[in-house]
Amino acid sequence: MVEHATVATDAVVTLDVALPGIVWGWMITLNMWAKSIGTGVVLIGVYLLKKYGDRAATVKTLMPVISFIFLNIFLLFTLLDLHQPFRMWHIFFYPHWTSAITVGAWLATIFTGIIFVMAAGKILKRIDEEQYNKLMWAAFVFAIPVTLYTATIMGESAARELWQTPTELIQMALAAFIGGSATYLLLGIGDQNIKRDLAIVLGVSATLSFIVYMGEYYFGAMKAEEVAATIAFVKEGGSYHTMFWLGQSMGYIIPVILVIFGLRNKSNSMLALASILALAGLWIAKHVWLVIPQLLNLS
Amino acid sequence: MKLGFLVDLALCMGCKGCEVSCKVENEVPISMWRLRVKYVDVGTFPETKRTFTPLRCNHCENAPCERICPVSALHYLENGIVNVDRERCIGCAGCVMACPYGAIYIDPETNTADKCTYCAHRVAGGMMPACVVACPVEANIFGDLDDPTSNISKYIMQHQGNVKVRKPEKNTHPKHFYTGGGEVNLNPLASKREDGYNLFNNITHLKHVGGH
Ligand code: SF4
Ligand code: SF4
């Protein structure tokens, strides 16, 4: 049984084809990042409007306008990432409903439509309070699955053991809270109470997101051989080690510290800096997580 | 009818005849592969051994590629083949993310997904897949798994206990079997792979036309 005794340690690939490389790259990262902001500003915006009413009045116009801009960035890069972008219409004429890509595309299209009507209605002053409120609640309801569906695409990506739907669902929701709160903080919306709420949402979401990543980083390897091999790319010596920690520091660790000091000192500039770092770090953290499972040899 | 494949790894001698015939039959572009034979060397000198493993799409009964395809470009044929409709495909690469065996590629000439189809066009005309015909030692056995008198069914019966599939834990129910193989043949993580040191590893990929 020489063969079996040596298999585990001395097996080397001596002739094979090249690995396919990264297929879902920065455009998909940008897609997820922009979607987090586009849906996050709605989720957080509705909360602000409900809690603070007229004190958050500027949100009424800003919410659909910012959301519309980022949803269009998200849709544009979704389209550009297709190898056959002019066939996008197939998704609507030949939908395959077991695919989270199909469900997501439909939901995102309806959501963008609602947001467009809200934004246009507000800018052109062609919408009354009652109509706005109805659309706002519809947008709020749609924003939830639109935020989350990418996690189910990742779950359906059966080749990428690292991406598990339950964990990714949490990360997508937290990314939306980070995206929404950081955007409003950067825009300097509302009084000190509103800013405090936004800073708390940002700080808590960043902390939770960091904890989930650390859970994967330190314990993920116990789940499966493939996860261990994937996580090795971000561990010490791995090709994405530096980028991973850059994302974690910029996206989560430093913003949380800045939020704590910003709240204590009532410093809006600290909160704004935390927001910029959180948005930039979110992109990096998401990108690393997207790319590393694609470095693995699957066969 | 449920068409399946079985490779007897004890017979395969790594000649790559199947690989070349597949390329020619299906006009697979440069730098892309539907079927390849992977060499893995096992052991420490002088107790070494070279293993050969032909790898292609498994035509899974529970295929993640079919499930994730948003437009049903990947679809099941009645004979069990998982086929690709290039005209329907939008090139989202969801299937590339989903196939646990890395069996799908985006064709740089058509900008659509492609993979082994068990030579569905030949099968429809009553012929064997090109790789089966090319194999000089008949290591590739192809046939109807539902028919107990087919070669493949008999082979599976005769080799009970020694018939394996790749990554059974993925719950894909492959219709592609192997006999005479072990972990190094079927588990890509059981061998070290240092890119850039192997023949064909340092090749230039074709730029996609259109798209990106
Ligand atoms: S091996 Fe991959 S491409 Fe082939 S049917 Fe299974 S999941 Fe699809
Ligand atoms: S690349 Fe084509 S075949 Fe693959 S999932 Fe997308 S539409 Fe379907």
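1. A:Val13 has B:Val40 as its bridge partner in β2(B). The two strands concerned, β1(A) and β2 (residues 36-44) of chain B, run antiparallel and pair over four bridges. Pairing here requires at least two bridges found by DSSP. Helices (H or I, at least four residues) and strands (E, at least two) are DSSP runs, numbered from the N terminus.

2. The model is predicted: local features need pLDDT of at least 70, side-chain atom pairs count only at pLDDT 80 or more, and totals for chains, interfaces and linings use all residues. Residues are numbered from 1 along each chain as its sequence is written, chains are lettered from A and ligands numbered from 1 in the order in which they are written, and side-chain values use heavy atoms, with hydrogens and water left out.

3. Contact (heavy atoms within 4.5 Å) links 48 residues of chain A with 66 residues of chain B.

4. About 5,200 Å² is buried between chain A and chain B, and carbon and sulfur atoms give 55% of that area. Buried area is the accessible area (1.4 Å probe) that two parts lose on being put together, summed over both. A:Leu15, A:His83 and A:Ser299 supply 15% of what chain A buries against chain B, more than any other three residues.

5. Five salt bridges are counted between the chains A and B. The term means a side-chain nitrogen of Lys or Arg within 4 Å of a carboxyl oxygen of Asp or Glu. One of them joins the side chains of A:Glu226 and B:Lys167, at 4.0 Å, N to O.
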